Amino acid sequence: MDYEAWWLILIPILFGLGWIAARVDVRQMMSETRQLPDSYFKGLNFLLNEDHDKAIDAFVEVAKLDTETIELHFALGNLFRRRGEIERAIRVHQSLLSRADLPKEERDHAQHEIAQDFFKAGMLDRAEAAFKAVLDSSFAVSANRSLIRIYEAEHDWPKAIEAVKHLHKILDEPVPQLIHYYCELAQQAMQSKQPDITYIEMQLKQAEQALLKQQTALLTNAASVRIAMLRAKLLKIQADMAGERKYLEGILANAPEYAGLIAADLLDNYKQAQQAELGLDLLRQHYMSHPSLDLFKIVFSEFRGQKGAKPAWEFASESLRLHPSLLGLDKLLEVELKAAAGENGSGHEGEILPDVELSLLHKMIHKHTQRLDRYSCSSCGFQARTFYWQCPGCNMWETYAPRKLEEM
Ligand SMILES: [Zn+2]
């Protein structure tokens with residue numbers, strides 16, 4: 001009996017304790033909730049109602065009242081930037097930066113964020129200044145990489161080179177496009193009326209050094225082809241035809257897929273030495289083992305110029321039989337039409353269609369092939385008639401293969 005009586009007293013006591021514990025919890029929660037300013041809930045409400053301007057104003061108010069909402073601002077700014085609402089992102093970060101009591105680490109963070117806002121908005125000057133302001137902070141690596149991208153977009157190669165050097169002081173990470181910066185400088189200098197040979201030589205040496213250093217990080221041999229092409233061009237400027245030929249033939253041997261880019265120069269080199277036929281033979285043989293449209297066009301028109309329409313037609317029809325190509329056919333018909341008009345159809349009468357049909361066929365095929373007669377960026381798909389080492393669409397390097405769209 002005594003035992004049961006104890007239980008009867010214990011149960012209400014336990015209930016009482018539980019009730020007190022619950023009350024204490026609720027009170028604590030209430031007091032925590034009261035610490036959050038009303039603006040926070042207003043802001044949240046505006047945000048949920050997609051009224052972003054008022055939401056920002058409300059959150060700015062929160063930040064003024066409570067220093068612990070800095071993270072909220074960063075989240076908000078990031079959100080707006082990602083949504084492409086750059087002006088709003090800038091406003092959020094500016095309001096952070098305008099606070100005198102912001103700790104240094106947070107100030108650097110806000111500065112880095114606003115730099116990214118400017119960069120995304122295409123305000124490169126302001127982005128550059130903002131990134132430079134955090135070069136000595138914990139955001140140095142990221143800021144340095146962004147500066148490199150800015151200078152690339154502005155084609156400011158000396159500054160891009162400086163930025164890479166700066167990056168390499170804090171981080172040993174490969175920057176393969178450094179080779180191209182030096183190549184761009186060399187190429188620019190070669191275009192002047194009085195090329196500064198010593199300066200060009202210096203840039204090419206730097207490019208070669210960068211190539212040696214980063215060989216393992218490279219995905220393609222495009223950079224070494226480019227340097228060899230520039231070396232050949234420099235020797236041509238210096239009237240060293242044997243030297244130029246050595247570099248161009250080196251490309252044929254080491255990077256045969258790039259033949260189309262250098263075939264015209266190589267042919268010119270042979271022509272200058274009165275060896276046009278030898279040059280044509282070399283390119284024709286190369287075409288047999290490494291066919292490409294660009295090379296086909298050059299060999300075909302040279303064939304026609306040197307040996308007349310009939311052997312050119314024979315070469316072309318044989319090539320087209322081995323590697324059927326609409327672009328090739330397009331070029332072939334063009335020459336056939338010219339030959340028919342100029343030579344009154346002599347030489348290969350009966351082998352081809354009457355002129356009117358030939359002309360119609362050429363028009364139809366040409367319309368179709370114009371779209372295929374382009375190089376294309378493997379990164380963004382930008383198409384171009386000329387070959388680029390850096391895509392004008394997305395600023396990426398070595399994204400163009402030396403082949404036309406039809407061959408892809
Ligand atoms: Zn691109």
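## Helix H10 and helix H12

Helix axes are lines fitted to C-alpha atoms over the stretch in contact, and the angle between two helices runs from 0 to 180 degrees between their N-to-C directions. In this predicted model, helix H10 covers residues 178-190 and helix H12 covers residues 222-237; their axes lie 11 Å apart and meet at an angle of about 20 degrees. Angles under 35 degrees count as roughly parallel, so H10 is roughly parallel to H12.

The crossing of H10 past H12 is left-handed. On the H10 side the contact is formed by Ile179, His180, Cys183, Ala186, Gln187 and Met190, and on the H12 side by Ala223, Arg226, Ile227, Leu230, Lys233, Leu234 and Ile237. Of these residues, nine are nonpolar, two are polar and two are charged.

## Helix H10 and helix H11

Helix H11 spans residues 197-214, and H10 packs against H11 at an angle of about 165 degrees with the axes 8 Å apart. Angles over 145 degrees count as roughly antiparallel, so H10 is roughly antiparallel to H11.

H10 also passes H11 in a left-handed crossing. Residues of H10 in this contact include Leu178, Tyr182 and Leu185, while those of H11 include Tyr199, Ile200 and Leu204. The contact of H10 with H11 has 14 nonpolar residues, two polar and no charged.

In soluble globular proteins, nonpolar side chains tend to be buried together. The largest nonpolar core here has 80 residues, and Leu283 and Val299 have the most contacts inside it. H12 supplies the largest share of this core, nine residues.

Apart from neighbours within four places in sequence, Val299 is in contact with Leu280, Leu283, Arg284 and Tyr287.

How values were computed
Residues numbered from 1 in each chain as written. Predicted model: local features only at pLDDT ≥ 70, side-chain atom pairs only at ≥ 80, totals over all residues. Helix = DSSP H or I, 4+ residues; strand = E, 2+ residues; numbered from the N terminus. Parallel < 35°, antiparallel > 145°, perpendicular 65-115°, else oblique. Left-handed = near helix turned anticlockwise from the far one by under 90°. Contact = placed C-beta atoms within 7 Å. Nonpolar A, V, L, I, M, F, W, Y, C, P; charged D, E, K, R; others polar. Core = buried A, V, L, I, M, F, W, Y, C linked by C-beta atoms within 7 Å. Buried ≥ 20, exposed ≤ 12 C-beta atoms within 10 Å, placed from the backbone.
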